[in-house]
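This report describes one protein structure in plain terms. Please look through the sequence and the structure before reading on.

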Amino acid sequence: MSKESGKASRFSADGLKWVLSYLRPHRRVFVPSIVALMLTAGLSLAFPWFMKELFGGAVEKLRGGVAAGEILAQANRTILLLLGVLAVQALIGFFRVQGLIRSGEAALNDLRRDLFGQLLRLPVPFFQEHRAGALSTRVAADLGTVRETLITVLPQAIRQVVVLAGSLVVIFVMSWKLSLAMLGSVPLVVLAVAIAGRKVRGHSKSAQDALAESGTVIEESVQGVADVKAYTNEGFEERRYHDALERFYEVVCRGAFARASFLAFVIFVMFGTISGVAWLGVRMMVEGSLGEKEFTGFVLFSVFVGASLGAMPEIVSQLQAMSGATERLREIMGEAPESDGGEQVGSLGGRLAFEGVGFRYPSRPDQRVIDGVDFEVEPGRRVALVGPSGAGKSTVFSLILGYHRPESGRVLFDGRDAAGLDLQSLRSGIAVVPQEVLLFGGSILENIEYGRPGATEEEIVDAARQANAHDFIEALPEGYATTVGPRGVKLSGGQRQRIAIARAILADPRILLLDEATSALDAESERLVNEALERLMEGRTSLVIAHRLSTVRHADTLLVMNHGQVVERGSHDELMARQGTYRLLAETQLA
């Protein structure tokens, strides 16, 4: 227990230091704002000081027989000075708030950019192991906690520390005996902070994880709403969301109990101490060892001490919550990005080869998905990968794209090992037309332009013509400006495929990967897509995955895969002449 607590405590300081490091580039605004914050916090002590002079001083002068006119004149001077100080405080506070918000939000934007950039550079297996909804919800919630801490809680903490320190100095000057009596409660409060803080931090992290789980249910249900309705599973999804919210609520309630107990203890100890000190002060005043003005000032400044101490539990709780949030964000930032060889590829020639490639997924270390695969594709040739589901065809594509690295053997591009090549420059020479096309929620023009950002409108339209997409796009009310909806739901499967082909045409790759590109289309859509694919594959090295053998019978070479191995290779006619796996697959489809 102590070991874990120590680790969490050390991390709390490291997490705060990590967040503050993002303020360094904005220190020219942030540091003056902090100075202004400390100045306004110090000026706030003018209020109890002048109130002491106004009330306590007036009582003492009345008891001393000072004329009423002189007392009123002194009161007028005091209140004018107080109003002047308050005006200066308000003016400085105006610029202080602006500066803290500007520098804080700028630092948070830097943090958001770094996080998003890191997510984009993480390897594909990371996203296969983390549910997208949980990841996005968790990051959003954690960033919200960090923002609240940086913009609100941290300035509040600095202000309360300054007020507390200043008030303590004043009350010690007025009466060190009363001050020591009041500070007797501080060790108890510090001990409570240390004990309760650990529990609050743990509950905060659990609550964020539970909230992320409920967010995942929403995202998955919305993305798959067609399937939800098709299977009439609205009630099932409602129960799933209800269960997730119940788990979140239970964790929050446990955390609320810990925080409430902590706050109640601090309030009782703090205000109980102040009450006892006030009682002791009255006795000292009656005995003559403490003046009325000093006692009035002591009471007023003690209220400020109590208010500052009373704000500390909530501040500490929020800092503990930020500790849990930064821990998860730093976990993401600490993930290793995709391994990159670094050698720039330049222009790909189109030659591709697998040499004794073996691979198994980290999540399934006992199952070899690819086992000793050898093949070579000459530039401009078409190769089809066929075989039963689970044979390893899609894994071959993942290895070509560098989503995974071979466990053994090599993937070669123009005779160079992919392990030594820069992934971004390598992938810029490859285009993919998948079975399930993902379109982003912008316009058709923007989705085609995704193949080559910065392309002209004429180039985009020309790519759409070659993809047999121009006519249906022009028939839409808004043409190329038509929004496709989330994941392209406003378009049919054939339309999405043709936009994906237009995107690939615009990218002008040397190597083309087609993954079941026509498997879910009707006859007319398949004809249009196949025409577009023929144009796209012209002169390019093309690898095609297809279950319908009729779509790949004209490929230059067919590689028949089974159980992660290439069991047959040759042309359609050559393979049909054998009594092998390919012929069995073909006869099964024709039966």
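How do the residues of the lining of the largest pocket divide into nonpolar, polar and charged? There are 28 nonpolar, eight polar and eleven charged residues in this lining. Here Ala, Val, Leu, Ile, Met, Phe, Trp, Tyr, Cys and Pro count as nonpolar, Asp, Glu, Lys and Arg as charged, and the others, Gly among them, as polar.

The model is predicted, so local features need pLDDT of at least 70 and side-chain atom pairs count only at pLDDT 80 or more, while totals for chains, interfaces and linings use all residues. Residues are numbered from 1 along each chain as its sequence is written, and side-chain values use heavy atoms, with hydrogens and water left out.

**The pocket.** The largest pocket has a volume of about 2900 Å³. A pocket is an open set of points on a 1 Å grid over the protein atoms alone, where a 1.4 Å probe fits, with protein on both sides within 12 Å along at least five of seven lines; lining residues have an atom within 4 Å of a point. The volume is the space filled by probe spheres set on the points, which are joined across faces, edges and corners. Of the 47 lining residues, Val-124, Tyr-403, Leu-438, Phe-440 and Tyr-450 lie nearest the centre. Helix H17 gives the most to this lining, with five residues. Helices (H or I, at least four residues) and strands (E, at least two) are DSSP runs, numbered from the N terminus.

**The sheets.** Six strands form an open, mixed sheet in the order E6-E7-E8-E3-E9-E10. Strands E6 and E10 stand at its edges with a single partner strand each, so one side of each is left without a neighbour in the sheet. Two strands pair if DSSP finds at least two bridges between them.

| Strand pair | Sense | Bridges |
|---|---|---|
| E3 (residues 382-386) and E8 (residues 541-545) | parallel | four bridges |
| E1 (residues 352-359) and E4 (residues 408-413) | antiparallel | five bridges |

Val-383 stands opposite Leu-543 in E8, and Ala-353 has Leu-412 in E4 as its bridge partner.
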